[in-house]
Structure formats: structure tokens, C-alpha cells
Amino acid sequence: MKLTVFGATGGVGREVVRQALAAGHEVTAVVRDPARLSVPAHDRLQVAVVTDLTDEDALVPVLAGRSAVISALGAASNKQAKAAPVTGPAVRAVLAAMDRAGVTRLSVVSAAPVGPPAQGESVLTRAVVYPLLRRLLRDLYADLAVMEAELSASGAEWTVIRPPMLRDKPHTGTYRRALDANVRGGRAIPRADVADALLTTLTDPTYTAHTLGVAS
């Protein structure tokens, strides 16, 4: 496939680029600062600098002729999470640019607390952990909820990946999945496995227009 990856300099995004190249895909990595893309040069890797991800006109050229799009946009820290919304406005522009470019398939990363706790989840998680996270990171989760609403209202063939806490651990490919739900007892997952989910769901229609909870 020919893929465009947004958020390519983040922890999940870099893993998406690496795994996509290893799988034989052609990748356009959209970045603000090319120096932050810690992925070796590759003959199937093109780096596109876009400083304003809400600029629909600037996004169309990096989407033209692509098979699918992956968004790994998100906040890397609590400080960033309290900043102005990023993901919702960016994905709104990406969807509009995709429509103009004739691209329909999109896989994005969100977060487990944007959805409800898994059925049968512990009282601690339901009554303490989720409410606490939603208070501490309310701006981040509100931004992600706007992004998910934009996807639901669009005509795109989207999939939303909802992971719990992200870890810098090796790619396993053996994580648990829950369709339209969070994973019961899911506490963490490697960023590399989130990247795996973003990539593998692109070619499986089972996940089109669905959320997917993932966890180790």
C-alpha cells in the first residue's frame, strides 16, 4: 500500500513508519520538523513537511494517490494535553483533504478512557482510575472525543484504536483486542503494538467504522 502517516515523529508514529516500511509499504511521513523523524532514510520513505495540520490545501498533495491514511497524532505529555486542541481540528482537515484526494481509508489512535470501561471491569477502574484520568487529562480526552465524532460523521472508512497506557517496549503482535469496547483489565500496551494495530486493521473490513480496544 501507499500510506500517509500523520504524527510520524511521535512514539507510535515512528513505529508505524518502521513497521510499514518493513512490510513493504510506501510511506509518506508528514512532519513539522524532519530532524525529529528518527527513522533511517529508505527508498520507499518520503518525508513531507507540513507546519499547519489544519491547512486543508496543504494536506491534499500529501494524500493524493495514497491507498490509506494513519493518524498517530496525540499529546506526548500532560503539559501538551493542556494546550489548545490539536487532534480534533487536524483530523477534521485531514478528512476534508482525503475527500478531495479521493482517499477513503483511515486508521487513527485515540485512548481507552474516551470510551466506557470494559464490561465486568473492576470497581477500582470504574470508580477511581477512569474518573481520575478523565479529570487530569480532560482537555486531551475532549480533543480525542471531538476527533472520534468527526470520524463518525464523515463518509470515510475509519477505524479508531483505543489503547490504555503506552509503554516503550518491543513489538509483540500478541496483544488482546476488543471490538467496540475496551479490553477488560487492560492496563498498558507497547507503542509498537499500537502501531501494529493501526496497520493491520487497514486491510480488514471487520474493523471499518468501529473502535478497537487493545491491551497487553
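The largest cavity in this predicted model has a volume of about 40 Å³.

**Exercise 1.** Find which residues line the largest cavity, and sort the lining by class.

*Solution.* Start with the count: there is 1 cavity of 30 Å³ or more. Finally, sort them: the lining has 5 nonpolar, 2 polar and 2 charged residues.

**Exercise 2.** Describe how helix 1 (residues 11-22) meets helix 7 (residues 191-200).

*Solution.* First take the geometry: the two axes come within 8 Å and cross at roughly 60 degrees. Because of that angle, helix 1 is oblique to helix 7. Then take the handedness: helix 1 passes helix 7 in a right-handed crossing. Now look at the contact, where G11, V12, E15, V16, Q19 and A20 of helix 1 touch R191, A192, V194, A195, D196, L198 and L199 of helix 7. By class, these contact residues divide into 8 nonpolar, 2 polar and 3 charged.

**Exercise 3.** Do likewise for helix 4 (residues 87-101) and helix 6 (residues 138-153).

*Solution.* Begin with the axes, which lie 7 Å apart at an angle of about 20 degrees. Angles under 35 degrees count as roughly parallel, so helix 4 is roughly parallel to helix 6. Their crossing is right-handed. On the helix 4 side, the contact uses T87, G88, P89, V91, R92 and L95, and helix 6 supplies D143, L144, V146, M147, E150 and L151. To finish, the classes are 7 nonpolar, 2 polar and 3 charged residues in the contact of helix 4 with helix 6.

Key. Residues are numbered from 1 along each chain as its sequence is written. This is a predicted model: local features need pLDDT of at least 70, side-chain atom pairs count only at pLDDT 80 or more; totals for chains, interfaces and linings use all residues. Side-chain values use heavy atoms; hydrogens and water are left out. On a 1 Å grid over the protein atoms alone, a cavity is a set of points where a 1.4 Å probe fits but cannot get out, and a pocket is an open set with protein on both sides within 12 Å along at least five of seven lines; lining residues have an atom within 4 Å of a point. Grid points are joined across faces, edges and corners, and a volume is the space filled by probe spheres set on the points. Ala, Val, Leu, Ile, Met, Phe, Trp, Tyr, Cys and Pro count as nonpolar, Asp, Glu, Lys and Arg as charged, and the others, Gly among them, as polar. Axes are lines fitted to C-alpha atoms, for helices over the stretch in contact, and angles run from 0 to 180 degrees between N-to-C directions. Helices (H or I, at least four residues) and strands (E, at least two) are DSSP runs, numbered from the N terminus. Angles under 35 degrees count as roughly parallel, over 145 as roughly antiparallel, 65 to 115 as roughly perpendicular and the rest as oblique. A crossing is left-handed if the near helix is turned anticlockwise from the far one by less than a right angle, and right-handed if clockwise. Contact means heavy atoms within 4.5 Å.
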